[in-house]
Amino acid sequence: MSRTRSWLTGLGGASLAAMLAAVVPAHADQITLHALMEDLSETKIIEDRLPDFEKETGIKVEFQKLVYSEMHDKLVTQLTAPESFYNLLEVDFLWASEFPEAGWLTDLKPFVDKSNFDLKPFFPSMLDLVGNHKGTLYMIPMYNYSMGLIYRTDMLEDAKLKEAYKAKTGKDLGVPKTLDEYVELSKFMNASSGIAGAAMQGQRGDPNSMEFSNYLFSSGGHYLDKDGKVALNSPEGVKALQLYVDNIKNGAQQGAMNATLDDTLKVMCDGKAFSMVTYWFMLAQLNDAKACPNVAGKVAITVMPGGHGEAGGWGWAIPKNVSPEVQEAAWKFIQWVQGEKISIARAIDGHAPVRSDAFNNPEVLAKHPHYKGAMDVVATSMPFPVFAYTAQYEDVLGRQLSLAAGGEAKVEDAVKAAADGLGDLLKKAGQ
């Protein structure tokens with residue numbers, strides 16, 4: 001018999017209970033939250049702070065990190081089970097309609113009201129994307145990956161390029177204000193500077209669908225109108241695809257039609273392109289003197305010429321198929337990690353905020369001056385269609401974009417086919 005057990009057995013019943021209360025940790029039956037997380041820097045920034053949350057609340061949080069391509073199916077398996085092992089969810093905007101439509105997510109409004117959690121600092125663009133679905137709050141925005149235009153500032157200041165551009169166009173060389181001006185500038189740089197005018201991700205599917213969306217929104221076009229009806233087949237939609245095809249043929253790097261995000265980042269990092277339409281946080285990577293010595297300190301970001309880029313982001317959610325006690329614990333974590341204090345601390349560490357107060361914080365701006373411009377990128381971003389078949393629509397749209405860019409379909413026909421495909425999938429989804 002151990003010394004501890006001998007000591008306890010010598011105590012009376014009442015004394016034993018009192019002593020146990022003193023020596024057993026208060027959180028002996030603590031709840032453990034399990035979340036399946038994408039394996040990237042945003043996850044690591046949060047993971048480093050999990051001990052602080054456990055210390056404050058007694059709730060343990062464990063992250064299982066996985067590559068993006070494997071997350072969806074693994075989550076669905078748990079969300080359709082009697083009880084989900086993942087009792088705290090990280091939800092990509094591509095699933096932000098599918099999951100609530102399937103009845104898998106908990107309404108978070110009662111939790112917000114009970115805890116007086118302030119939603120006002122969150123960008124409306126993010127709440128529309130990874131927050132509300134059909135009038136119900138199913139998610140709290142987690143981080144964003146909205147898109148803007150990154151360009152080389154040194155090339156805009158180059159005397160020879162200024163002179164050549166003036167002679168060719170009659171205009172001063174500068175940051176383009178419209179999509180037409182951007183494509184014109186991209187083609188000029190491709191022909192006159194010795195490098196590509198644009199690093200473009202034209203691979204069929206997610207890459208070219210996300211890239212094209214920026215052209216659509218910048219042209220004043222939309223996938224859906226305010227009533228949820230398909231609006232893609234429009235003069236603005238046709239113009240957007242005409243400019244996209246023109247740039248990928250005459251402004252982009254060689255092999256652009258098969259390029260992914262990683263490919264475009266490498267092209268830009270190597271100093272082999274003037275610009276790229278991409279996620280705003282890529283600017284920090286390009287400004288890293290060790291990683292990208294050819295362009296560090298020579299790049300800047302702006303809202304897409306025309307005023308709007310593609311919105312992207314992830315949100316936190318709570319599954320329905322877990323106990324009320326666990327749901328309460330999951331909410332405590334969400335309001336902690338997305339509250340003002342931790343959001344600002346994460347932003348200082350490089351987090352891509354979804355709250356305006358994190359973007360505006362003096363400490364954040366002192367460390368990341370480019371967040372000032374990035375905030376406009378996030379605030380003005382517009383969403384890709386979010387519904388039960390969003391991921392499938394990326395393939396439908398991506399195919400038509402590739403056919404048009406490869407000269408296998410007329411632009412007008414490709415836009416109509418992409419619009420018809422969207423309508424068919426919306427009907428399938430019951431919308």
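**A tour from the whole chain to single side chains**

Of the 431 residues in the protein, 52% are buried (under 20% relative accessible area; exposed is over 50%, partly exposed in between, with a 1.4 Å probe and protein chains only). The model is predicted: local features need pLDDT of at least 70, side-chain atom pairs count only at pLDDT 80 or more, and totals for chains, interfaces and linings use all residues. Residues are numbered from 1 along each chain as its sequence is written, and side-chain values use heavy atoms, with hydrogens and water left out.

**Whole protein**

Start with the cartoon view. There are 22 helices and 10 strands, taken as DSSP runs (helices H or I, at least four residues; strands E, at least two) and numbered from the N terminus. Along the principal axes, the C-alpha atoms fill a box of roughly 100 × 50 × 35 Å. Of the contacts between residues at least 6 apart in sequence, 73% join residues at least 24 apart; a contact means heavy atoms within 4.5 Å.

**Asn-87**

Select Asn-87, in the loop between α5 (71-79) and β3 (89-92). Is Asn-87 buried or exposed? Asn-87 counts as buried because its relative accessibility is 6%. Now show what surrounds the residue. Leaving out residues up to four places away in sequence, Asn-87 touches Thr-32, Leu-33, His-34, Ile-318, Pro-319, Val-322, Val-326 and Ala-330.

**Salt bridges**

Side chains of opposite charge can pair when their charged atoms come close. The whole structure holds 17 salt bridges, each a side-chain nitrogen of Lys or Arg within 4 Å of a carboxyl oxygen of Asp or Glu.

- Select Asp-113 and Lys-109, whose side chains form a salt bridge at 2.9 Å, N to O. Both residues lie in helix α7 (residues 109-115), four residues apart, about one turn of the helix. Asp-113 is partly exposed at 45% relative accessibility, and Lys-109 is partly exposed at 39%.
- Move to Asp-118 and Lys-120, with a salt bridge at 3.1 Å, N to O. Asp-118 is partly exposed at 34% relative accessibility, whereas Lys-120 is exposed at 70%.
- Finish at Lys-166 and Asp-172, where the salt bridge is 3.1 Å, N to O. Lys-166 is partly exposed at 41% relative accessibility, whereas Asp-172 is exposed, with a relative accessible area of 62%.
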